[in-house]
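Subject: Structure for your review

Dear colleague,

Please find the sequence and structure below. My notes on the findings follow directly after them.

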Amino acid sequence: MTLSLEQVGKTIAGEVHLADVNLTLVPGTLNVLLGHTGAGKTTLLRIIAGLERPTHGTVRQAGVDITKRTSRQRSVALVYQQFINYPSLTVRENIASPLRLRGAANYQARVLELAKMVRIEELLDRLPGALSGGQQQRVAIARALAKGAEIVLLDEPLVNLDYKLREDLRDELRALFGSSTVVYATTDPAEALALGGTTILVHQGRVLQHAPALDVYHRPASVTAARVLSDPPMNIFTGVVRDGVVEIAGDLRIPIRGADGGAHLAALADGPYCFGVRASDCRLEPAPRHVAMQARVELSEISGSETFVYLRGADDVQFIVQQDGVYHHQLDEQLTFYLDPDRLLVFEPDGDQRLVASYHAPGNVVWPK
Amino acid sequence: MIDKTRSNKAWLFVLPMTMLVAFSAIVPLMTVVNYSVQDIFGPNTKVYVGFEWFRKALRDSELHAAFLRQLLFSFSTLAIELPFGLAVSLVMPRKGWAVSAALVVLALPLLIPWNVVGTIWQIFGRTDIGMGGAALVKLGLNYNYTADRVDAWLTVLVMDVWHWTPLVALLCYSGLRAIPNAYYQAASIDGASGWSVFRYIQLPKLKNVLVIAVLLRFMDSFMIYTEPFVVTGGGPGNSTTFLSQFLTRFAVGQFDLGPAAAFSLIYFVFILFFCYVFYTVMNRVGQG
Amino acid sequence: MAEIILQGISHSYDEKRGSTAPNLALRDVELRWRDGGAYALLGPSGCGKTTLLGIISGLIQPTRGHVLYGGKDVTMLSSRERNIAQVFQFPVIYDTMTVRQNLAFPLRNRGLATAEIDRRVERIADSLELTAMLPLRATRLTADQKQILSLGRGLVREDVAAILFDEPLTVIDPHRKWLLRRKLKEIHKQFRHTLIYVTHDQTEALTFADEVVVMQTGSVLQRGTPEALFRRPAHTYVGYFIGSPGMNVMPCDVSQDAGGARARVGTHDIALAPHTGAGPAPSGSLELGIRPEHVVVVDGAGDAGAEGSLPVSVITVEDHGRFRIVTGTLAGAGDRRLKIRIGHHGPDRALPIAAGGSIRVRFPPEHICLYRDSKIVESGELAAAEPSP
């Protein structure tokens, strides 16, 4: 059943937590709610769950207005950041509790099935207090699945776990939810891309974009959207299009008309714009058609198999460049880096800074209303 | 905020309690309000006098004296119990079996019925059969709480400190336990002395708990009745007659219900006021 | 500042010092850290890294072993006596004091002259970019500023032996973490203290440290530079823990003959780099490890690329934007999963790969590591002319 939110807003004591939220969740899909801490993700989840009432707006399920229904009357399950289980019940009893409340007969078989799905079948007779963090969270997930709710909500469920455990559980999570509609809140863009599905970008209480994850990645609706779904942060700089050339940082020129120019840049009218380019589209070695820029090293961040070099360029603009492999750079080292103009994103220079052109083929971009 | 599911059945559970409270509290309260505006000569003879009793009460010098006595008492107990309770909580053990032992010992005075507390100290302070009284006399001190005003005050104060300091100590102890160990470690690394640790870490982090302790103790001591009544009966003279006892003596002793009702309403308003302050501060403390 | 040596450190939370105990949080740890380096203790929850940090800082006395600072045995000394500084998981600041008073506090406790205190406080505040906030109450700072303030309290003591960090970025917003990492690097460059950093996050450890110590269940598995840990993991767990996703490990049978060394995985023969180093070439039942980043997808369209390549059935393809992760099974090797990471810059970046399809891959010999009982016995990298990124 389709869940939709119409003009939902929430204001508490004069502070706007959510505003003008219009969303339709396709049944059976995985939706990732991505935004910074305090953007309104938890508030939105709680409104969907029925734990909070919106200040204005309507929540509908299959067309029926459920705004005034409490969470007990809705078909939702919620998994929290803090591993919440009934501390005095064994794992078996924890998972069984929603089944027993429903009055399901023969629930033991289902409990075993669910325990196997989350790989805790050997721990069924232990108390949650005796389990590790990852194991406790799996119990919480199994209990949420046991409820068989139409909507499963997860509020940053892996954030209190070890880095590696997070990676492992994420892989497992993807396979678990079957036909329920899942809404998964996170602050980590890498997690949003890893989980896939549809991404809902939330920033300061508003929905910036609601589209498949890769659409948001390749065609972010605005500079803010690009910044929210970026890990590492996207390189943003201003430039002017004039006479068939993009001028940036004073004296650098990127030709855009002619056989070599990026096709999406060719259609730009003259004037100022805001440009964005991802770290992975920049490199430290020269490459064909890449534009060279000078900068000073601030930090080289090593992430397993890649190095991200944080640079400070002309006009104090920050750039981040990705290098495959592990490298160390000295602070304040002077470097030349190369960016790929074919991968530039073009945004309006001011106001909402919405997307003007992307290197990615046009698809369905959902504009914020 | 969370909306609870509305269920009409729930009212049935509340009904017996509501009736009981109505019977034992609300109806009598309304009766008091009724009496406070009447002059009662007998069960069937009542004359409406409006706010006469209230005016009289607020001008009554004996009431003023009792009120001041009460304030002095409350502030004195606070001034002693707070630092003392805090000090006790600082030296209480944090780990092992000694924790349970200390908590039990500390809780004992709080578990004793209040009139028994009074009786204990009444006998303890007697110079003939009481250990305390006899010891003081043996030491050469001229101690007699039935005759000497200062001695009576001191006895009642010491009794209250003995009775209620454990509450302050327990509150402070729970507050201290809530301080993460990292703060003590950081202070040790910074070379802080014990006094610095107290002043810069423990005291600031106990702020909320201390506010609650102050308000709780102030409210309770303002209503104190049983213990001083049992020990000194309010004497010698009026020296230990605090507000609630003054009121009771007036209402029950002299059976002049009109003025007594007025007094008790004034008293009720005081307590209501303090409750309001307590509630507001608690809320702000909870958010802070 | 001093060299820090850990000798034979074992610790159990159940027993007191001097006795042997069954439940060891740390087993016989030996480490030597030179003065002025930046080191990280990396491992999953429960591996003992926080216990080890407690032993180094003086919070915990180990049940066995010794800690030496600059040759002096400090095992029984308290944190204050060891002259270390520590930054905790959450910001520990003195709420009632201003930023300036917070920074001055350790110096005041040592009885320094006011002029000297002011000089040091201002110098550190300048390095940490806190000068504008000196007169403010410490509670007014953001979480990352408070952590920097905690760090500052350690830096003002110029003779501090080492600064210890216990997962300091835990409460920091993800998009501000890099600010603190950069600040730590700058501080290290400027002051050259010995820094020891405990974390479960490989990015933090690899960014921060000159050398990383990887731990698991109370033991040190490997100690080395980020490059060494990445290219030549000494233990399969290190291969798993470092890198995203972790190393692919599969059982194989290694044999040597005239044609060179070969590993048999399932029905396939994989060429290995020639054996270097002393001792006989490894052979028999071993484990083959190769990182997902190093598996090369060859263009299966033409047979030219197919020589020496292995067939893989694709189960899923995840597009993460700047890289793809292909999960598949190597045909003829059972249902063991193989993960391949195709980056944005490699030659295989544009190859179309679909779930349910099949591709051909190569394991370059210079990136293959061999393991016996989970410990490394051979690394293809040593044989290569120069290590390739």
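In chain B, residues B:Gln70, B:Phe73, B:Ser74, B:Thr77, B:Leu78, B:Glu81 and B:Leu82 of helix α3(B) are in contact with B:Ala213, B:Val214, B:Arg217, B:Phe218, B:Ser221 and B:Phe222 of α10(B). Contact here requires that the C-beta atoms of two residues, placed from the backbone, lie within 7 Å. By class, the residues of this contact comprise 7 nonpolar, 4 polar and 2 charged. Ala, Val, Leu, Ile, Met, Phe, Trp, Tyr, Cys and Pro are counted as nonpolar, Asp, Glu, Lys and Arg as charged, and the others, Gly among them, as polar.

Please note that this is a predicted model, in which local features need pLDDT of at least 70 and side-chain atom pairs count only at pLDDT 80 or more, while totals for chains, interfaces and linings use all residues. Residues are numbered from 1 along each chain as its sequence is written, and chains are lettered from A and ligands numbered from 1 in the order in which they are written.

Helix α3 of chain B spans residues 61-91 and α10 of chain B residues 207-222; they pack at an angle of about 145°, with axes 9 Å apart. Axes are lines fitted to C-alpha atoms, for helices over the stretch in contact, and angles run from 0 to 180 degrees between N-to-C directions. Helices (H or I, at least four residues) and strands (E, at least two) are DSSP runs, numbered from the N terminus.

Chain A consists of domain 1 (3-227) and domain 2 (235-357), with bounds from an automatic or database domain assignment. Their C-alpha centres are 37 Å apart. At the contact between them, 7 residues of domain 1 of chain A meet 9 residues of domain 2 of chain A. The domain 1 side divides into 4 nonpolar, 2 polar and 1 charged.

Between chains C and B, the contact involves 18 residues from chain C and 12 residues from chain B. On the chain C side, α2 (79-82), β6 (85-87) and α3 (99-109) each supply at least two residues, and α3(C) gives the largest share, 3 residues.

Chain C also contains an open antiparallel sheet of 6 strands, ordered β13-β12-β11-β14-β20-β21; strands count as paired if DSSP finds at least two bridges between them. Its edge strands are β13 (268-271) and β21 (375-379), and the twist averages 40° from one strand to the next. Strand β20 (residues 369-372) of chain C pairs with β21(C) over 4 bridges, and C:Arg372 has C:Lys375 in β21(C) as its bridge partner.

Yours sincerely
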